[in-house]
Amino acid sequence: MVTEVELLLESGEVEPLGRIVESSNGAVLVRVTLDEDSRLAIHKPVALERPLWDYPDGTLAGRERAAYLISEAGGFGVVPPTVLHEGPWGLAATQQWVGEPHTAPDLVVDVVAPGEVPEGWREVLRGETPEGEEVVVAHAVEPGVRTAAVFDALINNSDRKGGHLLRINGTVWGVDHGVSLGVEPKLRTVLWGWAGEPLANEDLTRLERVRDALSEGDLAQRLSALLTADEVAALRARADHLLVDRRHPLPLPGWPAIPWPAM
């Protein structure tokens with residue numbers, strides 16, 4: 001079922017407002033308008049994507065859409081509404097902007113001095129600045145962040161930077177999922193605080209929903225237009241494995257566990 005927001009993002013008129021200069025794949029801030037309603041969105045045209053040797057099939061835009069479909073199927077609620085839209089540069093992933101454009105979101109991951117880690121947060125990594133000052137990468141432990149960590153394990157996210165997680169009015173959102181859903185295991189994230197610990201019951205239920213949607217619903221069919229058959233099969237295998245193991249994964253040997261930069 002298509003929601004009103006998805007319909008607007010799919011069918012509305014796209015007005016470019018500005019390029020996101022930090023983006024490596026041509027993200028553009030746009031306003032999408034349909035009838036009397038309009039929303040800000042991040043627009044990522046396929047034409048502006050850089051080829052990636054380890055993601056040779058499909059498009060990053062298609063993976064952004066696939067991540068949203070999986071998030072919705074499981075009830076993760078991590079990915080903002082994301083559609084494919086024919087815009088000024090051709091086909092693009094268009095994702096609803098969450099929060100206020102001029103208000104910084106609350107941080108759930110941060111780089112701080114060792115003595116300044118917020119109470120209750122979990123340290124992930126210690127390092128040094130170019131000036132030699134010791135710093136710590138740490139993240140919050142609230143349920144929304146933990147659910148995002150499970151979602152990343154499910155979609156095999158290879159680039160979960162701290163800046164890709166936003167807390168808006170108490171809800172934790174994750175953005176930028178273009179380099180995910182590959183076949184080879186390559187989880188790379190800043191959310192290692194629960195590594196090896198049992199999964200929360202609520203997240204096990206979400207995983208079960210995705211597994212059931214792949215087997216009995218139409219999720220596999222919808223994903224088949226966005227991913228290869230091997231990638232859909234790998235998604236199903238990861239869901240099965242997480243449900244059998246029932247634990248947060250550990251970092252993979254031979255693969256960098258933390259993205260660069262971490263934020």
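The structure holds 1 cavity of 30 Å³ or more, where a cavity is a set of 1 Å grid points, over the protein atoms alone, at which a 1.4 Å probe fits but cannot get out. This is a predicted model, in which local features need pLDDT of at least 70, side-chain atom pairs count only at pLDDT 80 or more, and totals for chains, interfaces and linings use all residues. Residues are numbered from 1 along each chain as its sequence is written, and side-chain values use heavy atoms, with hydrogens and water left out.

**The largest cavity**

- The space inside the largest cavity comes to about 70 Å³, a volume being the space filled by probe spheres set on grid points joined across faces, edges and corners.
- Its lining (residues with an atom within 4 Å of a point) is formed by A149, D152, L187, T189, L191, W192, W194, A195, H248 and P249.
- By type, the lining of the largest cavity has 7 nonpolar, 2 polar and 1 charged residues; Ala, Val, Leu, Ile, Met, Phe, Trp, Tyr, Cys and Pro count as nonpolar, Asp, Glu, Lys and Arg as charged, and the others as polar.
- T189 counts as buried because its relative accessible area is 3%, and buried means under 20% (1.4 Å probe, protein chains only).
- Setting aside neighbours within four places in sequence, T189 is in contact (heavy atoms within 4.5 Å) with D152, R160, A257, I258 and P259.

- The lining of the second largest pocket splits into 11 nonpolar, 3 polar and 3 charged residues.

**The sheet β6-β8-β7**

- Three strands make an open, antiparallel sheet in the order β6-β8-β7; two strands pair if DSSP finds at least two bridges between them.
- At the edges are β6 (109-112) and β7 (122-128), each of which pairs on one side only.
- Between β6 and β8 there are 4 bridges in the antiparallel sense, and V111 stands opposite V137 in β8.
- On the β7 side, 6 bridges link β7 to β8 (residues 134-139), again antiparallel.
- Along β8, E134 faces E128, while V135 is the bridge partner of G127.
- β7 and β8 form a hairpin with 5 residues between them, and G132 in the turn has a positive phi of about 90°.
- Strand β8 is mostly covered, with 5 of its 6 residues buried.
- V137 of β8 counts as buried because its relative accessibility is 7%.
- Beyond residues up to four places away in sequence, V137 touches V109, D110, V111, R122, E123, V124, L125, V190 and A262.
- To get a sense of distance, V137 and D203 are 66 residues apart in sequence and 24 Å apart in space, C-alpha to C-alpha.

- Antiparallel strands β2 (residues 28-34) and β3 (residues 37-45) are joined by 7 bridges, with V32 partnered by R39 in β3.
- These two strands form a hairpin with 2 residues between them, where D35 in the turn has a positive phi of about 60°.
- β3 also runs antiparallel to β5 (residues 90-96), through 5 bridges, and there I42 has Q95 as its bridge partner.

**Two buried loop residues with positive phi**

- N156 has a phi near 60°, a positive value in a residue other than glycine, and sits in the loop between α3 (143-155) and β9 (165-168).
- With a relative accessible area of 3%, N156 is buried.
- L181, in the loop between β10 and α4, likewise has a positive phi, near 70°, without being glycine.
- The relative accessible area of L181 is 0%, so L181 is buried.

Methods
1 Å grid on protein atoms, 1.4 Å probe; cavity = no way out; pocket = protein on both sides within 12 Å on 5 of 7 lines; lining within 4 Å. Buried < 20%, exposed > 50% of the residue type's maximum accessible area, 1.4 Å probe, protein only.
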